[in-house]
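This report goes through one structure region by region. Please look at the sequence and the model first.

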Amino acid sequence: MLTLLTILFGALIIGAIVEFVLHDLLLGRLRADHPDLWQALGSPDRVFDDGGLAGFRAVRRLYRQPELRRRCSVEVVALIQRTRAYGRAYLVLALVTFAISMACLGRML
């Protein structure tokens, strides 16, 4: 059981790295392909101001507002959908890992 938990925690770490890479790729494509949309989102590259949270807010706005996605090219929309699907799958993996870790902890006590 502990081996499974170790593998799941490793997958969580690798998954978080992949999520950040996808997020950065999405923001880079937005900046390069759609500078007008980039400005409408508030230029979310202000890392020194807010620790990078502007980028996460910009991507969240893209997820939730279809009128912003309509302004994007087909490739960027596909990247947005892929990033969103990956984020949901990562959340499921995190919940499963949490449930298994709680089961392991319950067996140990």
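Leu-22 touches Leu-79, Thr-83 and Tyr-86, not counting residues up to four places away in sequence, where contact means heavy atoms within 4.5 Å. Leu-22 belongs to helix α1; helices (H or I, at least four residues) are DSSP runs, numbered from the N terminus. With a relative accessibility of 15%, Leu-22 counts as buried. Buried stands for under 20% relative accessible area, exposed for over 50%, and partly exposed for what lies in between (1.4 Å probe, protein chains only). Leu-22 and Ile-80 are 58 residues apart along the chain, and their C-alpha atoms are separated by 9.2 Å.

The model is predicted: local features need pLDDT of at least 70 and side-chain atom pairs count only at pLDDT 80 or more, while totals for chains, interfaces and linings use all residues. Residues are numbered from 1 along each chain as its sequence is written, and side-chain values use heavy atoms, with hydrogens and water left out.

His-23 is also found in helix α1. It is buried, at 11% relative accessible area. Leaving out residues up to four places away in sequence, His-23 touches Gly-55, Phe-56 and Val-59. Of these, Gly-55 and Val-59 are among the buried residues of α4, together with Ala-54, Ala-58, Leu-62 and Tyr-63. Helix α4 has 12 residues and should span 16 Å at 1.5 Å a residue; its end C-alpha atoms are 17 Å apart, which agrees. The expected span is 1.5 Å times one less than the number of residues in the helix.

**The nonpolar core**

In soluble globular proteins, nonpolar side chains tend to be buried together. The largest nonpolar core here has 17 residues, and those with the most contacts inside it are Leu-30, Leu-37, Leu-41, Leu-62, Cys-72 and Ile-80. Such a core is a set of buried Ala, Val, Leu, Ile, Met, Phe, Trp, Tyr and Cys residues joined through side-chain atoms within 4.5 Å. At least two residues of this core come from each of α1 (2–33), α2 (35–40), α4 (53–64) and α6 (74–108). With neighbours within four places in sequence set aside, Leu-41 is in contact with Leu-30, Ala-58, Arg-61, Leu-62 and Leu-68.

**Helix α6**

Helix α6 has 35 residues and reaches 51 Å from its first C-alpha to its last, close to the 51 Å expected at 1.5 Å a residue. Its buried residues are Val-76, Val-77, Leu-79, Ile-80, Thr-83, Thr-97, Ile-100, Ser-101 and Cys-104. They pack against α1, α4 and α5. One of them, Thr-97, has a relative accessible area of 1%. Thr-97 touches Leu-5, Leu-8, Phe-9 and Leu-12, apart from residues up to four places away in sequence.

What makes up the nonpolar surface patch of about 700 Å²? Its members are Leu-2, Phe-98, Met-102, Leu-105, Met-108 and Leu-109. Helix α6 gives the largest share, 4 residues. Met-108 lies in α6 and counts as exposed at 61% relative accessibility. Patches consist of residues with over 30% relative accessible area and no salt bridge; nonpolar side chains (Val, Leu, Ile, Met, Phe, Trp, Tyr) are joined within 5 Å, and like charges within 9 Å. Accessible areas come from the Shrake-Rupley method with a 1.4 Å probe; for residues, only the protein chains shown count as cover.

**Salt bridges**

Side chains of opposite charge can pair when their charged atoms come close. The whole structure has 2 salt bridges, each defined as a side-chain nitrogen of Lys or Arg within 4 Å of a carboxyl oxygen of Asp or Glu.

| Residues | N to O distance |
|---|---|
| Arg-29 and Asp-33 | 3.1 Å |
| Arg-71 and Asp-36 | 3.8 Å |

Arg-29 and Asp-33 are 4 residues apart in helix α1, so about one helical turn separates them. Arg-29 is partly exposed at 31% relative accessible area, and Asp-33 is partly exposed at 37%.

Arg-71 lies in the loop between α5 (66–69) and α6, and Asp-36 in helix α2, so this pair ties together parts that are 35 residues apart in sequence. Arg-71 is partly exposed, at 41%, as is Asp-36, at 48%. Neighbours within four places in sequence aside, Arg-71 is in contact with His-34, Asp-36, Leu-37 and Ala-40. Arg-71 and Ile-14, 57 residues apart in sequence, are 32 Å apart in space, C-alpha to C-alpha.
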